[in-house]
Amino acid sequence: MTSSRALYGITIFLSAFLLFLVEPMAAKELLPALGGSSAVWITCLVFFQLVLLFGYLYAHWLSRRLTVLRQRRIHLLVLAAAVIVVGVATHFRLDLSNGAAHPVRTIFAGLTLGIGLPFLLLGSTSPLLQVWIARGSGGVPYRLFALSNAGSLLALVLYPTVVEPHLSLRHQRLAWSVAFLLYAVLSAILSLSLKDGGAPLEDIEASAEPAAASLQSKVLWFLLPMAAALQLSAVTSHLTSNIAAIPLLWMMPLAVYLLTLIMAFEFPGLYRRGIVVRFLVLMLASLGYALSKTDASLPIGIGIFFFLVEVFVACLFLHAEVFALRPRRASEATEFYLLIAGGGVAGTFFVAILSPLLFSGNYDLAISFLVTAALALVVTWADGWPQRLLWSTGSVLLLGLAIMMHIVYGRETLVEVRNFYGTLRVRQSNSPPELQPVRLLLNGTIQHGTQSFAPGMSRLPTTYYARDSGVGLALAECCRTAGRRVGIVGLGAGTLAAYGRAGDEFRFYEINPLVQPIAENLFTYLRESGAKVSVAEGDARASLTREAPHGFQVLVVDAFSGDAIPLHLLTTEAMQVYRRQLAPGGILAFHVSNQYLDLAPEVALLAVASGMAARLIESPLNEGRGEFQATWVLVAPLGFFEGSETVREQTVAIDPVAGLRVWTDDYSSLLPILRWGSH
């Protein structure tokens with residue numbers, strides 16, 4: 001029996017390890033088709049939670065409704081089908097190049113066809129095998145749920161630190177497929193080891209079994225995990241939308257989330273409600289206060305630390321309380337896991353799908369804090385009036401926070417819209433006085449363009465695009481005659497159109513369909529430009545690949561200062577697309593101003609790999625003219641920088657970063673260029 005339990009444990013651990021190893025792999029493969037948006041991972045979480053729910057439902061149906069013989073036959077058939085799917089998916093990849101128009105549909109279709117059945121099978125393993133063990137021992141080994149989460153946690157730790165930096169996506173897929181085959185063999189062995197003739201589990205439960213769980217307990221089996229999933233999704237969205245959409249930042253909150261599951265199910269004796277509740281009050285109050293400062297941001301290290309601590313405390317409370325309500329009857333075990341998974345689906349679905357439809361602004365964090373406080377009120381109600389008063393007050397204050405954020409976001413706001421690609425706001429400000437009034441386009445807290453409407457100022461390029469910036473230098477040096485052709489990846493407020501002269505052609509590429517109406521109606525750069533201006537909707541790389549060569553004298557790649565880093569625009573394959581669109585002697589201008597990532601060394605590597613040269617130019621801050629400090633990398637043919645004294649004097653060489661490799665569509669890692677101490 002000991003060896004049999006060991007085999008069960010190994011299979012459960014391996015299934016969880018593979019389950020959470022394939023999540024970042026699959027999501028990363030989708031990023032190029034969807035512009036690198038941080039919402040890709042949150043929507044992927046919805047899919048993962050949903051398929052996990054189907055996996056639990058499969059385990060619930062299989063173990064409760066069918067005889068052992070039928071369970072064995074069906075499970076072996078599903079295992080065989082999953083192995084075939086993995087084999088096909090390893091050798092054939094879906095074409096998702098047009099996915100940006102329907103991102104949610106693209107994500108669900110891509111993941112369903114690529115990993116849907118294997119993911120469902122892996123997700124069903126832990127609850128199904130626990131019930132199989134319970135059939136022989138008479139009790140549900142809930143500790144195996146902690147073992148399952150330990151395997152998940154190990155996968156999340158290894159992916160950004162070992163797997164992603166050292167293996168290409170192709171090799172990752174191949175290694176995962178081999179490991180899945182091993183899992184299938186182990187699962188088949190366990191299926192064949194089941195004794196024939198057993199009745200469905202619900203038919204063999206005697207009246208001597210412990211009492212069934214109450215309706216209130218079952219409701220909390222759903223609501224408590226839902227609040228934990230809300231916390232996970234909202235914090236992950238906040239980190240990835242304000243820093244970068246990279247697997248490292250996807251997995252940090254998820255790893256903390258899994259750690260709390262392990263502690264709650266494996267070490268329940270360590271949980272002390274009184275202590276955890278006090279920390280929960282402290283974290284909700286402090287981060288609620290930080291959220292109220294809507295125009296402020298924390299240094300990356302401090303911000304990540306505090307949000308991860310908050311997720312840990314909140315999810316430990318929620319998961320420990322749901323474990324305390326676990327069922328005592330073996331037949332209710334799969335129902336227990338089913339409702340936990342259902343709560344997870346509801347929480348992630350709200351953040352990824354429902355919230356953007358309901359709210360024009362992003363209030364997900366405030367709502368997750370409010371739901372956590374309300375459930376704390378329910379759970380601690382029996383602890384007496386002090387807890388009731390504390391959490392009633394906390395719930396009211398957090399509701400007030402959400403309302404206050406709505407009021408603050410609406411102040412001086414001309415328009416606020418939200419979709420898959422983020423929240424866009426246009427504010428009108430009277431600061432600085434010499435530029436008033438000023439309109440600002442923001443995505444979250446990141447500025448994507450400003451325009452001054454003071455007399456004589458409306459056609460001056462501002463923010464990162466001043467005359468002495470890298471793009472200003474590139475446009476000045478590219479050609480002295482009229483009739484310039486300029487391509488620009490990233491529309492924003494359309495600021496670069498201010499450089500347009502009669503006879504010029506400026507073509508913008510913008511993935512977010514909400515941006516163009518804002519640029520055309522609330523800013524005047526596009527309509528006042530002397531150039532002929534056109535805008536191509538959809539992912540820039542896909543558009544540039546489809547279009548005939550334009551012969552751009554300058555191609556501006558301006559997609560790296562905001563809420564996500566579209567890595568597919570910084571690969572050797574992308575450079576081939578750019579060079580095809582350039583005129584002979586044309587210049588690539590990469591805007592790499594980013595508070596969290598030092599992208600210049602990677603652009604330099606790409607330039608060398610493409611047979612070109614790269615140099616850095618930084619322009620100073622000028623608040624009186626609305627000009628930001630900006631960092632650009634100019635990439636041009638060999639000899640360009642030596643041929644122009646002006647360019648040579650204003651640019652500098654780029655220092656290499658140890659361990660940094662050139663990125664391709666099959667390999668990238670942001671870890672070596674992450675600025676941990678930045679604001």
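The buried residues of helix 19 pack against helix 18 (540–546), strand 8 (552–557), strand 9 (582–591), helix 20 (600–609) and strand 11 (630–637). Contact here means heavy atoms within 4.5 Å. Helices (H or I, at least four residues) and strands (E, at least two) are DSSP runs, numbered from the N terminus.

A word on the source. This is a predicted model, where local features need pLDDT of at least 70 and side-chain atom pairs count only at pLDDT 80 or more, while totals for chains, interfaces and linings use all residues. Residues are numbered from 1 along each chain as its sequence is written, and side-chain values use heavy atoms, with hydrogens and water left out.

Which residues of helix 19 are buried? Helix 19 covers residues 572–581, and its buried residues are Thr572, Ala574, Met575, Val577, Tyr578 and Gln581. Buried means under 20% relative accessible area, exposed means over 50%, and partly exposed is in between (1.4 Å probe, protein chains only).

Next, the aromatic rings. Rings of Phe, Tyr and Trp (its six-membered ring) pair if their centres lie within 6.5 Å; planes under 30 degrees apart count as stacked, over 60 as edge-to-face and the rest as tilted. By this rule there are 18 aromatic pairs. One of them is edge-to-face, Phe47 with Phe108, at 5.6 Å centre to centre and 85 degrees between the planes. That pair links distant parts of the chain, with Phe47 in helix 2 (residues 39–65) and Phe108 in helix 4 (residues 103–137), 61 residues apart. Phe47 counts as buried because its relative accessibility is 3%. Phe108, at 22%, counts as partly exposed.

Tyr464 and Tyr465 also form an edge-to-face pair, at 6.2 Å centre to centre and 80 degrees between the planes. Tyr464 is buried, with a relative accessible area of 15%, and Tyr465 is buried with 6%. Elsewhere, ring pairs link Tyr56, Trp221, Phe265, Phe323, Phe336 and Tyr337 into a cluster.

Two arginines sit over rings. The criterion is NZ of Lys or CZ of Arg within 6 Å of the ring centre and within 35 degrees of the ring normal. Arg388 lies over the face of Trp385, 4.8 Å from the ring centre. The charged end of Arg661 is over the ring of Tyr667, 3.8 Å from its centre.

Last, Leu358. This residue is in helix 12 (residues 333–358) and counts as exposed, because its relative accessibility is 52%.
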